[in-house]
Amino acid sequence: MDQQGNTVSTKVTRITTRTIQEMKDAGERIACLTAYDFLVARMLDDAGIDIILVGDSLSNVFQGNATTLPVTLDEMIYHTKIVSNVTRRAMVVTDLPFMSYQVTVEEAFRNAGRIMKETNALGVKVEGGRRVAKVVEKVSGEGIPIIGHIGLMPQSILKYGGYRPRGTSEQEAAELIDDAIALEEAGAFAVVIEKIPATLAKRITDLLHIPTIGIGAGAHCSGQILVTHDMLGLFEDFRPRFVRRYAALTEEMERAFRAYISDVKSGTFPNDSESY
Ligand code: KIV
């Protein structure tokens with residue numbers, strides 16, 4: 001309503017794969033963060049984020065698991081539905097979790113289709129390059145927007161035995177370039193590249209037509225993503241150097257919890273104005 005009581009249109013234009021490609025072509029950086037719940041999703045959307053990823057990082061920062069492996073397709077659907085329902089502008093993309101797309105292309109497509117049907121997400125993401133090219137081709141070929149994810153791939157962390165940067169040898173760098181090209185050729189609309197040297201990320205970004213979204217991959221990617229709980233200083237179990245802290249919410253929340261407990265114990269909460 002305006003001041004005269006007339007209804008004012010608040011139509012918001014949704015970000016789509018096309019907007020994302022136009023941003024890359026125009027040299028406008030794409031800003032992405034993760035969300036798993038309604039409050040954070042709404043705040044991100046209102047703040048103007050371009051892509052909200054319902055990452056399988058929810059396994060770590062929401063469920064408290066050591067890796068992303070345990071989170072299930074049903075759990076991803078539950079969180080993605082919540083995030084999609086509250087988001088008006090951002091493009092909501094959701095991770096296909098471990099074991100939901102690795103067994104066969106048909107199963108991957110069925111699971112991608114299920115997540116799209118049940119959540120109103122606008123796209124899915126899978127980890128892998130050439131290894132998942134057939135999945136990307138099928139999913140994208142059937143009309144589902146799909147993002148690839150190369151470099152450090154948290155679903156394969158047990159195989160690599162740690163979080164060291166990827167693409168640091170010539171052979172690994174060449175393989176990552178081949179992976180990125182395979183994803184583009186298979187129909188991915190963007191590629192997340194995680195924890196690789198900035199020079200290699202620039203080479204990949206320059207080679208590809210589709211956007212690259214970097215995380216720990218330097219400033220030359222078409223966009224950037226962080227796990228929201230990391231950049232807010234809420235999840236402190238790992239502190240990789242690529243995470244810039246924009247807030248210190250753990251400290252702030254702990255201070256509030258201690259103050260509340262102390263006020264309850266001392267009888268200063270509630271006071272008269274907080275009572276009926
Ligand atoms: O699961 C996740 O949050 C991710 C991003 C960090 C890229 O994959």
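R18 and E22 sit 4 residues apart in helix α1 (residues 17–26), so about one helical turn separates them. In this predicted model, their side chains meet in a salt bridge, with an N to O distance of 3.7 Å. R18 is exposed, at 61% relative accessible area. E22 is partly exposed, at 45%.

A search of the whole structure returns 13 salt bridges. Among them is the pair D50 and R89, at 3.3 Å from N to O. This pair links distant parts of the chain, 39 residues apart. D50 lies in the loop between α2 (38–47) and β2 (51–54), and R89 in the loop between α4 (73–86) and β3 (91–95). D50 is buried, with a relative accessible area of 5%. R89 is partly exposed, at 24%.

D179 and R130 form another salt bridge, their closest N and O atoms being 2.7 Å apart. D179 belongs to helix α8 and R130 to the loop between β4 and α6, so the bridge ties together parts 49 residues apart in sequence. D179 counts as buried, at 14% relative accessibility. R130 is partly exposed, at 41%. Elsewhere, salt bridges join D74, R114 and E118 in a network.

Helix α6 (residues 133–141) has four named buried positions: A133, V135, V136 and V139. These residues lie on the same side of α6 because they cover an arc of only 155° around the axis. K134, E137 and G141 are exposed on the other side. The cover over the buried residues includes α5 (105–119), β4 (123–127), β5 (146–151) and α8 (170–186). Just after α6, G143 adopts a positive phi of about 100°.

Definitions and conventions:
Residues are numbered from 1 along each chain as its sequence is written. This is a predicted model: local features need pLDDT of at least 70, side-chain atom pairs count only at pLDDT 80 or more; totals for chains, interfaces and linings use all residues. Side-chain values use heavy atoms; hydrogens and water are left out. Buried means under 20% relative accessible area, exposed over 50%, partly exposed in between (1.4 Å probe, protein chains only). Helices (H or I, at least four residues) and strands (E, at least two) are DSSP runs, numbered from the N terminus. The arc is that of the directions from the helix axis to the C-beta atoms. Contact means heavy atoms within 4.5 Å. A salt bridge is a side-chain nitrogen of Lys or Arg within 4 Å of a carboxyl oxygen of Asp or Glu.
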